[in-house]
Amino acid sequence: MTRTQRIFQLAKRDFTQRLRSRAFLFSMLLIIVLALAVGPLISLAEGSNKASVIALVGNQPNGSEAAIQQQADALDVSIELKRFTDLNTAQTALSNGDVAVVVNGTSELIYDKTSSIQLSAVITNGIATAQRQIEADNMGLSTAQVSTLLAPVQFSERTLTPNNTSQDNARQAAAFVALMLLYISILMFGQFVMMGVMEEKQTRVVEVVLSRVKPTDVLIGKVLGIGLLGLIQIVALGGALLFTVSTAHIANFDLGGIGIKVFGMLIMWYLLGYAFYSFMYGSLGATISRQEDMQGVAMLPVLLILPGFFFGQIALVDPSTTLARVTSLIPVWAPMVMAVRSTAGDVPLWEVLLSIALVLITTVLLIKLGGRIYRGAILQSGKKTKLRTAWRSASD
Amino acid sequence: MLRFDSLHKRFGDVTALDGLSFDAGTGRILGFLGPNGAGKTTAMRCVFGLVKPDAGEVTWNDKPIDEPTMLRFGYMPEERGLYPKMKIGEQVTHFARLSGLDRTTAKESAERWLRDLDLGDRIGSKLEELSHGNQQRVQLATALVHDPVVAILDEPFAGLDPIGVDTMADVLRSLAARGTGIVFSSHQLDLVADVCQDVVIIDNGRAKLVGEVKELQRTSPTRYLQVEVDGQPWTSELRGVDTVSTNGRHRFVLDRNADLGPILDLAAHDGEVTRFAFEPPHLTDLFREAVQR
């Protein structure tokens with residue numbers, strides 16, 4: 001059995017033992033079910049954007065209803081007109097939320113709490129148009145003259161800065177989801193590595209392992225096994241989200257074009273980020289042998305990764321700022337910031353490649369550094385090993 | 001042959017090994033004795049590179065121990081440890097795989113060892129579900145599952161009940177009969193005398209006494225005389241003769257060439273001599289002489 005095979009044997013043990021744990025399976029299932037629920041939930045929220053009901057009470061000029069509808073169509077406002085026989089019933093419907101606004105004759109618009117400029121404009125313009133139509137008829141103008149007189153002014157619209165398209169919306173949302181998934185997965189599975197190392201030290205099984213496998217290989221095996229578990233979770237979770245969102249037919253949201261790209265990006269940056277942090281977690285885990293000491297030691301990686309989460313959110317708003325560009329090249333934060341940048345915007349290929357290279361190089365350094373701390377700390381007895389002690393004793 | 005060649009190791013101000021040297025032969029059982037803190041565990045860890053000596057080395061057949069060689073060794077650390085939540089069959093198989101056995105052989109060997117150690121019906125149980133003694137057996141199976149050429153066992157008898165002790169002793173004897181070299185440390189000297197052929201007694205990181213137990217006893221300059229008169233221990237004061245009293249046994253310490261005639265006459269004068277035993281030192285005596293405590 002070669003060295004690689006032995007590393008895989010260690011990885012396999014960590015992978016299968018954890019995969020069989022009910023707690024892990026249950027939490028994974030729960031997360032996937034929650035993810036699958038996202039699509040229908042968004043659809044439901046979109047569905048509540050239904051037509052505003054306009055209640056008409058009293059007398060309005062003839063043709064008012066058609067004119068209001070015309071105004072609404074022109075402004076792209078979805079409305080439904082409903083006539084009420086008396087003001088009281090209309091107001092009751094208004095307070096119940098069945099009606100958005102009550103039009104009382106031609107004198108009064110009644111809202112429940114806050115008025116809507118848009119609805120007011122639609123109604124007043126509509127009624128005014130109907131009124132003018134009647135006046136024009138009274139003046140004996142021909143149909144052609146009336147339509148010339150009442151022809152609405154048509155503006156086309158443009159913006160100086162390109163407007164958010166539906167795909168931009170999708171990219172931003174996807175980048176945010178990717179940021180969350182990366183942050184949570186890297187921390188969660190990094191801590192699993194730490195816990196695994198600590199447990200092997202606590203149960204002292206590590207001495208039996210180390211009589212057969214070199215310390216650095218033991219660490220690599222653990223990182224691989226737990227990393228594979230994380231990969232499965234992120235693939236399942238990302239896949240579930242992709243599936244649910246693309247089948248939900250959400251307006252203003254076109255995921256089709258970017259879904260696979262985001263998915264690939266997510267997986268690549270998970271692997272890089274996890275590799276970087278898991279060796280750090282693993283070597284720190286070797287310095288402790290009690291559950292109680294874990295929290296204190298686990299703080300270090302969290303403090304390192306946390307700014308990356310915020311820089312990621314900044315990059316989400318504008319992926320091309322200097323801050324976003326610089327932080328996406330710094331290995332501790334790159335996995336999150338670069339993932340966000342390349343999902344939310346377009347990043348030059350060289351920046352992505354440079355960022356990947358920097359993470360890879362520092363990870364190799366961390367394996368060496370972490371391996372040495374692991375080697376120096378894992379067989380030390382006592383509650384907690386100082387990093388310096390571990391470093392020194394590994395040189396022996 | 002496994003050779004510990006003038007090993008030196010310091011931990012800060014503490015000297016753990018101070019030029020320790022001895023050999024362990026194949027097919028032989030070597031008892032590795034010494035008071036607490038004498039350096040036994042450190043020496044054993046040196047075999048597996050778990051501790052790197054400051055000077056000296058451990059060799060196998062006159063070559064430094066490389067990884068392939070190390071994989072043919074078995075190790076049972078003093079501080080026992082296995083995966084509590086892993087099924088013992090899978091667990092022992094896992095370690096067999098790490099020692100280089102292929103999948104099928106690993107599984108077969110694991111099951112065979114567990115059966116031999118009377119754990120055949122517990123193969124599917126998690127380690128934590130087993131009693132302390134049975135966990136110890138699993139630990140032994142883990143150390144031996146790959147049929148090592150050398151087995152280094154740190155305190156294998158600690159915490160075993162008498163039946164466990166017998167099983168362990170049988171296992172060690174049959175392993176040695178198959179050619180495995182065994183080095184084991186212990187505090188239970190009677191047991192060691194019973195099980196091992198060779199013995200190394202160390203103190204303060206140095207070997208104080210090395211050799212075959214029978215030979216060491218035979219060549220020892222000291223003899224012990226135990227006399228009973230009328231069925232009672234005879235405790236007469238003999239001029240210039242030291243006495244020791246262990247476990248209620250009162251014994252005279254004599255030179256191996258001592259003239260016993262006058263002593264027998266003296267005893268016979270006090271009554272009927274019911275016991276007159278002139279014997280070489282026990283292992284306990286050798287141990288006490290070696291560490292001078």
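Which residue of strand 2 of chain B does B:His8 stand opposite? B:His8 stands opposite B:Asp18. Strands here are DSSP runs of E of at least two residues, helices are runs of H or I of at least four, and both are numbered from the N terminus.

The model is predicted, and local features need pLDDT of at least 70, side-chain atom pairs count only at pLDDT 80 or more, while totals for chains, interfaces and linings use all residues. Residues are numbered from 1 along each chain as its sequence is written, and chains are lettered from A and ligands numbered from 1 in the order in which they are written.

Strand 1 (residues 2–11) of chain B runs antiparallel to strand 2 of chain B, and 8 bridges join them. Two strands pair if DSSP finds at least two bridges between them. In chain B, 4 strands form an open antiparallel sheet in the order 2-1-4-5. Strand 2 (14–24) and strand 5 (63–64) of chain B are its edges, each pairing on one side only.

Chain B is divided into domain 1 (2–212) and domain 2 (220–291), with bounds from an automatic or database domain assignment. Their C-alpha centres lie 38 Å apart. Between them, 10 residues of domain 1 of chain B are in contact with 7 residues of domain 2 of chain B; contact requires C-beta atoms, placed from the backbone, within 7 Å. On the domain 1 side, helix 7 (189–195), strand 9 (198–203) and strand 10 (206–212) of chain B each give two or more residues.

Helix 10 of chain B is followed by B:Gln292, whose phi is positive, near 50°.

Notes. Two residues are in contact if their C-beta atoms, placed from the backbone, lie within 7 Å.
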